[in-house]
Amino acid sequence: LIEDIIAREILDSRGNPTVEAEVLLSDGSRGRAAVPSGASTGSREALELRDQDPNRFGGKGVRKVIEHIEEEIAPNLIDLDASAQKMIDDTLLGLDGTNNKSRLGANALLAVSLACARAAAESKDLPLYAYLGGPAASRLPVPCLNVLNGGVHAHWQGADFQETMLVPFGADSFREAIRWGAEVYHALQSLLLEKHLSVGVGDEGGFAPAVRSNHETLDLLLAAIEKAGFVPGKDCGIAIDPASSEFYRDGKYQLHTEERAIGSEEMIEYYAKLVDDYPIVLLEDGLAEDDWESWKQLNARLGSRIELVGDDIFCTNPEIIARGIRDDIANSVLIKLNQIGTVSETFAAARLAQFHGWGAFVSHRSGETTDDFIADLTVALDTGHLKSGAPCRGERVAKYNQLLRIEEELGTAATYAGAQAFVRPAT
Ligand code: PGA
Ligand code: ZN
């Protein structure tokens, strides 16, 4: 039973404050969890509450959230069974009482929801992935490594596309996939040095060179894959998250690097050409969250060839995902805990997608902590793939390193998702 809940203000990877909660159970078990924060957020995400006090952290303090946890949430959860996750989460939703978690803050709810799950797992003496996913949870995901950062994650100093990810689907194990990822990352670094391009990294640990087109970014990654000794399309593929809501203005997609603005139809053809020319296996947020009708066309054009993931457009929200399935606008959903705010709703979102044959792609946020909850979550949900940035920066590798531990612990029971991880298998 829950005995106490405390919370504190800590820093995230961008130096902004965020919330960490600790749940203490009567049997002495503990769970601690921290909440991440996005930069290219969807407008329908659950609300991240900030103090708005200009004298602290530029208004981004989370003291009110701490107060909500300790003074309002804690007294209502004490003596409840931490392993009754749905009941805990429903209690949190009831306490908040709003549609978008704006009263107590999604960051308050999520910190407690995650910490409860951890405490309950410890109490049952189970690893978190097994507690959440049951005894069958044993498939390790393909890591999609964001080795080239652009867009808002690189303050528009690099590519228009926010994320260009390396996908080592051809490896035999997660451990091997991570080694391939690190080797390609270093090959990319030496290529950039040769070309006198910057090797400074963006928010998710990928390089952020000042390229002149989005093709240049893809060419760089292709060359790095080959330089590291791998075969593009056979060993490694490419995934992209343009995060296009960020450069959609007045009904047009504004490609800064190419100094032109194009309409939705042209944007779809732009992607179709990229899919013809490069070993792209997954496209996330190819179109903007306000461009729902064009998403249908994008799915009709490319949905049979690659995985089309909706992030900003779905916000891990089961209601919006259900509409997306009905309208056939994509074939996969990005899963971000803090977009929706509780463990139970996150599970509902992923299960809804999977039930309909859609993919579920677990994701970190650009503002992260070293909390590695999503590593266990990915194995528990059996999503087969996740993204947690480049093999660089502690808060990014924390998730990959936890997956290495999970693979080791599972031993011969562990499998690697490989090419089959994708809605449209990579090869
Ligand atoms: P964010 O970026 O965390 O800044 O929203 C991640 C993404 O768009 O997938
Ligand atoms: Zn995204």
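This is a predicted model: local features need pLDDT of at least 70, side-chain atom pairs count only at pLDDT 80 or more; totals for chains, interfaces and linings use all residues.

**Notebook: strands, sites and rings**

I started at one spot in the strands: Asn149 stands opposite Glu163 in S6. Strands here are DSSP runs of E, at least two residues, and helices are runs of H or I, at least four, numbered from the N terminus. Residues are numbered from 1 along each chain as its sequence is written, chains are lettered from A and ligands numbered from 1 in the order in which they are written, and side-chain values use heavy atoms, with hydrogens and water left out.

**Around S5**

I followed S5 next. S5 and S6 pair in the antiparallel sense over four bridges; two strands pair if DSSP finds at least two bridges between them. S5 also pairs with strand S15 (residues 385-387), in the parallel sense over three bridges. There I found Val142 with His385 as its bridge partner in S15. Eight of the eight residues of S5 are buried, so the strand is largely enclosed by the rest of the structure. Buried means under 20% relative accessible area, exposed over 50%, and partly exposed in between, with a 1.4 Å probe and protein chains only.

Then I went back to the open sheet of three strands, which runs S1-S2-S3 with antiparallel pairing. S1 (2-11) and S3 (30-34) are the edge strands with a single partner each, so one side of each is left without a neighbour in the sheet. S1 and S2 (residues 17-25) share nine bridges in the antiparallel sense, and Asp4 has Leu24 in S2 as its bridge partner. Helix H3 (residues 106-123) packs on the sheet and touches S1, S2 and S3. Contact means heavy atoms within 4.5 Å.

**The annotated site**

I checked UniProt: its unreviewed entry has a "binding site" feature at positions including His153, Glu163, Glu284 and Lys387. Such annotations may be inferred rather than shown by experiment; positions follow the numbering used here, and feature names are shortened.

Where is His153 found? I located His153 in the loop between S5 (142-149) and S6 (163-167). His153 is buried, with a relative accessible area of 2%. Not counting residues up to four places away in sequence, His153 touches several residues, among them Glu163 and Ser366.

Glu284 lies in strand S11 (residues 280-284), and Glu284 is buried at a relative accessible area of 0%. Leaving aside neighbours within four places in sequence, the contacts of Glu284 include Asp311 and Lys387.

**Aromatic rings**

How many aromatic pairs does the structure hold? I noted nine. Rings of Phe, Tyr and Trp (its six-membered ring) pair if their centres lie within 6.5 Å; planes under 30 degrees apart count as stacked, over 60 as edge-to-face and the rest as tilted.

Phe161 and Tyr271 are a tilted pair, 6.2 Å centre to centre with 40° between the planes. Phe161 sits in the loop between S5 and S6 and Tyr271 in helix H7 (residues 264-277), 110 residues apart. Both Phe161 and Tyr271 are buried.

My other pick was Tyr185 with Phe207, which is stacked at 4.5 Å centre to centre and 15° between the planes. Tyr185 is in helix H5 (residues 174-194) and Phe207 in the loop between H5 and helix H6 (214-227). I also wrote down that Phe161, Tyr270 and Tyr271 form one aromatic cluster.

Key
Axes are lines fitted to C-alpha atoms, for helices over the stretch in contact, and angles run from 0 to 180 degrees between N-to-C directions.
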